[in-house]
Amino acid sequence: MAEGDRIKAVRISSGLSQEKFGERIKISGASVSRLESGNNNASEQTRSLICKEFGVNEEWLRSGAGEMSPPVDREKEIMAFIGDILKGEPDFRRALVHVLARMTPDQWAMMEAKARELLEEMETPPQDGGGVR
């Protein structure tokens, strides 16, 4: 698979048109089209923006080696989520994190207990033919 095909795969997996993809990496939709078709090669800046904006493994984008998305450890995933929330407009996610941040240790223990109870409920086959599923 050529680099243009990999760029197209990133765009398609992001659900974006060439125009919208280009806006995110600061190039035109026509430029995206030329990259995808192989008529132009991506600049270092464009590659860097694709990798940063879409969480793409740079080695994969350049050569096809490895996976499209590098493995993300739990801590980095949490930090990226919080960063995304903080840079955007206040929304449900920010409100939820704000509420969770104010929870006491007892409230966290109760939430954990209820989550475990829910898991048990989901794993137990219904006895009366009804239930969750």
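Analyst: Buried means under 20% relative accessible area, exposed means over 50%, and partly exposed is in between (1.4 Å probe, protein chains only). The model is predicted, so local features need pLDDT of at least 70 and side-chain atom pairs count only at pLDDT 80 or more, while totals for chains, interfaces and linings use all residues. Residues are numbered from 1 along each chain as its sequence is written, and side-chain values use heavy atoms, with hydrogens and water left out.

User: OK. How many salt bridges does the structure hold?

Analyst: There are 11 salt bridges, each being a side-chain nitrogen of Lys or Arg within 4 Å of a carboxyl oxygen of Asp or Glu.

User: Start with Glu23. Which residue does Glu23 form a salt bridge with?

Analyst: Lys20, with the closest N and O atoms 3.9 Å apart. Both are in helix 2, 3 residues apart, which is about one helical turn. Helices are DSSP runs (H or I, at least four residues) numbered from the N terminus.

User: Where do Lys114 and Glu117 lie?

Analyst: Both lie in helix 8 (residues 105–123), 3 residues apart, or about one turn of the helix. Glu117 is partly exposed, with 46% relative accessibility.

User: What lies 2.3 Å from a polar atom of the Arg6 side chain?

Analyst: The backbone oxygen of Met1. Arg6 itself is in helix 1 (residues 3–13). Neighbours within four places in sequence aside, Arg6 is in contact (heavy atoms within 4.5 Å) with Met1, Trp60, Leu61, Arg62, Ser63 and Gly64.

User: Helix 1 also holds Arg11. Which side chain is joined to that of Arg11 by a polar contact?

Analyst: Glu36, at 2.5 Å. A polar contact is a pair of N or O atoms within 3.5 Å; within protein, one must be able to donate a hydrogen and the other to accept it, and residues adjacent in sequence count only if both atoms are side-chain atoms. Arg11 is buried, at 9% relative accessible area. Its contacts beyond four places in sequence are Leu16, Ser17, Gln18, Phe21, Val32 and Glu36.

User: Different topic. At what angle do helix 6 and helix 7 pack?

Analyst: Helix 6 (residues 74–87) and helix 7 (residues 92–101) pack at about 120°, with axes 9 Å apart. Axes are lines fitted to C-alpha atoms, for helices over the stretch in contact, and angles run from 0 to 180 degrees between N-to-C directions.

User: Which residues meet there?

Analyst: On the helix 6 side, Phe81, Ile82, Asp84, Ile85, Leu86 and Lys87; on the helix 7 side, Arg93, Arg94 and Val97.

User: Now the loops. What is the phi of Lys26?

Analyst: It is positive, about 65°, although Lys26 is not a glycine. Lys26 is in the loop between helix 2 (18–24) and helix 3 (29–37), and is exposed at 67% relative accessible area.

User: And where is Asn40 found?

Analyst: In the loop between helix 3 and helix 4. Asn40 is partly exposed at 34%. Its C-alpha is 8.5 Å from that of Gly4, 36 residues away along the chain.

User: Last one: is Thr46 buried or exposed?

Analyst: Buried, at 10% relative accessibility. Thr46 is in helix 4 and touches Ile25, Ile27 and Leu35, not counting residues up to four places away in sequence.

Technical notes:
Helices (H or I, at least four residues) and strands (E, at least two) are DSSP runs, numbered from the N terminus.
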